[in-house]
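Notebook open. I want to go through this structure one item at a time and write down what I find.

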Amino acid sequence: MKTHTQVAVIGGGVVGASVLYHLTRAGWTDVVLIERDELTSGSTWHAAGGMHTLNGDPNVAKLQEYTINLYREIEEASGQSCSIHITAGVDLATTPERLDFLKVACARARYLGLGMEMISVDEAARLFPLMDKRHFVGALYNPLEGHVDPAGVTQAYAKAARNKGAEVYRFTRGTSLSQRADGSWDVITDKGAIHAEHVVNAAGLWGREVGRMAGLELPILAMEHQYIITGEMPEVIASKEEVLHCIDFEGEIYMRQEGKGMLIGTYEKHGVPWSVDSTPWDFTHELLPPDLERIAASLEVGFQHFPPLERAGIKRIVNGPFTFAPDGNPVVGPIRGLRNYWVAVGVMAGFSQGGGVGLALSNWMIDGDPGFDVWAMDVARFGDWATPGYTHAKVRENYSRRFRIRFPNEELPAARPLRMMPVYDRLKAKARCLGPPSASSMRCGSRRKGRSR
Ligand SMILES: Cc1cc2nc3c(=O)[nH]c(=O)nc-3n(C[C@H](O)[C@H](O)[C@H](O)COP(=O)(O)OP(=O)(O)OC[C@H]3O[C@@H](n4cnc5c(N)ncnc54)[C@H](O)[C@@H]3O)c2cc1C
């Protein structure tokens, strides 16, 4: 193991591996990644691997496009297959309001050059014959949607980075961090110390723990998430092409083909946080006990809307944890007052966003600028006010609303009121519309102790 390096990336999930790859691609090759177990040992190994370009924030939508288009590049650079399946997808509306929402998403996507289009229910049913047309009023067709193999992608990033000089230390746990006077870091591991000019916290499920090693309390929380895999389905076996991806917003479910059946995932209304205070270090390649009851309501809607699913039976249930920020977007960038410490955590859609996160962070570290508008995922959008209590309330709210419509200027109630002006009570008494704090007042990096901005 090296004793000195330019960058030590902590965490070998899809995000850490992407950061490592992007650093080497941009010319920083004296870089290492430390992983406490095998690569993918957090949320990454059990992900469904789905990817798409639909996002409420245009910059994040573009970043998702970048990520999906990157997979061919890393396959070539590594010789490792990512098992890329670009199937395209249909996103289905059951109400006029949802159809309007999809039209807005479509218009924005077309402006961004993402090539989505609105299609009729008949056309959607031709593309996705599992659906019962009677329940739907229209659909959005997204050509850039599909899935990849999570382990293949992570290995491909890591191998491509190694080919350019990076080193990957598996079964090496970062146990503590201490900063030298010149801003560089001593990264203490259970296999020895590495002196690093920069540290990247890409520790996923352990992002909070690696934050705490530097005195930070990062606003992220893991939620349990379940998907099921059905038994073999004659409709899937008979299909000449791979079945398209599909989102049914009313059922709050997403699905794709898996083998000769379908994979169906859902974001239930009463989601359950996992390991609220800290993540156990001995949690590795483990799943959580399934709880079908919790997702039964969504599955029932799914079975009505897609009758062949009901006949297929359930072959396997996966319940695993992954982390979210209060607004559901990644938490990326430098921390004010904590020189050379970078974060890339809270990435809830690693296979749609991991590539873009790696690109932004590596640009930021090397050029001092992420290279594109990253406000939606900049860690600086949070401040000390984003306490664990706030994060808990907001993450649960966000999870429960994953497929709901967010209306322009809509203020969501969880964890409010949080910060109030002296005139708050008087304004409220007059039923004024109260909004979030201005962006400028939110621009403060979050440190638990030793503040030195
Ligand atoms: C059931 C389920 C289905 C999902 N489906 C999808 C999907 O279809 N599409 C999608 O895009 N996303 C999906 N996700 C989310 C996806 O899994 C995450 O976005 C992604 O895995 C996050 O990757 P990460 O690298 O940030 O974190 P992690 O995968 O948690 O990786 C962090 C790594 O850091 C290591 N580590 C932590 N601390 C240390 C330390 N101190 N020293 C050394 N190593 C350390 C850990 O061992 C781990 O390997 C799903 C998640 C779940 C649970």
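**Ligand shell.** I sorted the residues around the ligand by class. The shell has 19 nonpolar, 17 polar and 3 charged residues. This is a predicted model, and I read every entry below with that in mind.

I then looked up how many residues surround the ligand, and found 39. The closest are Glu35, Arg36, Thr44, Gly50 and Val347. Helix 1 (14-25), strand 13 (221-230), strand 18 (314-324) and helix 10 (350-367) each give at least two residues to it.

**Polar atoms at the ligand.** Glu35 has a polar side-chain atom 2.6 Å from an oxygen atom of the ligand. In Thr44, a side-chain N or O atom is also placed 2.6 Å from a ligand oxygen. Gly42 uses its backbone: an N or O atom there lies 3.4 Å from an oxygen atom of the ligand. How much of the ligand does the protein cover? On its own the ligand has 1000 Å² of accessible area, and the protein covers 97% of that.

**Confidence.** I looked up the pLDDT for the chain. The average is 93, and 96% of the residues score at least 70. I flagged residues 438-453, where the pLDDT is below 50. In the model this stretch still has 47 contacts beyond near neighbours in sequence.

**Asn319.** Is Asn319 buried or exposed? Its relative accessible area is 0%, so I logged Asn319 as buried. Its side chain makes a polar contact of 2.9 Å with the side chain of Glu224. Beyond four places in sequence, Asn319 also touches other residues, including His225, Gln226, Leu287 and Arg294.

**Ser184.** I found Ser184 in the loop between strand 10 (174-179) and strand 11 (185-189). Ser184 is a loop residue, yet it is buried, at 4% relative accessible area. What does its side chain pair with? A polar contact of 2.7 Å links it to the side chain of His195. Leaving out residues up to four places away, I listed the contacts of Ser184 as Ser178, Gln179, His195, Ala196, Glu197 and Asn340.

**Ala161.** This residue belongs to helix 5 (residues 150-163). The relative accessible area of Ala161 is 0%, so it counts as buried. I looked for contacts outside four places in sequence and got Leu20, Tyr21, Thr24 and Ala166. I also checked Ala161 against Arg72. They are 89 residues apart in sequence, and their C-alpha atoms are 15 Å apart in space.

- Glu252 is not a glycine, but its phi is positive, about 55°. Glu252 is in the loop between strand 14 (245-248) and strand 15 (253-258). With 4% relative accessibility, Glu252 is buried.
- Ser275, also a residue other than glycine, has a positive phi near 50°. I placed Ser275 in the loop between strand 17 (273-274) and helix 8 (292-305).
- Arg416 and Pro417 are joined by a cis peptide bond, with omega about 0°. Pro417 is in the loop between helix 11 (388-400) and helix 12 (424-429).

How values were computed. Residues are numbered from 1 along each chain as its sequence is written. This is a predicted model: local features need pLDDT of at least 70, side-chain atom pairs count only at pLDDT 80 or more; totals for chains, interfaces and linings use all residues. Side-chain values use heavy atoms; hydrogens and water are left out. A residue is near a molecule or strand if one of its heavy atoms lies within 4 Å of it. A polar contact is a pair of N or O atoms within 3.5 Å; within protein, one must be able to donate a hydrogen and the other to accept it, and residues adjacent in sequence count only if both atoms are side-chain atoms. Accessible areas come from the Shrake-Rupley method with a 1.4 Å probe; for residues, only the protein chains shown count as cover. Helices (H or I, at least four residues) and strands (E, at least two) are DSSP runs, numbered from the N terminus. Ala, Val, Leu, Ile, Met, Phe, Trp, Tyr, Cys and Pro count as nonpolar, Asp, Glu, Lys and Arg as charged, and the others, Gly among them, as polar. pLDDT is the predictor's confidence in each residue, from 0 to 100. Contact means heavy atoms within 4.5 Å. Buried means under 20% relative accessible area, exposed over 50%, partly exposed in between (1.4 Å probe, protein chains only).
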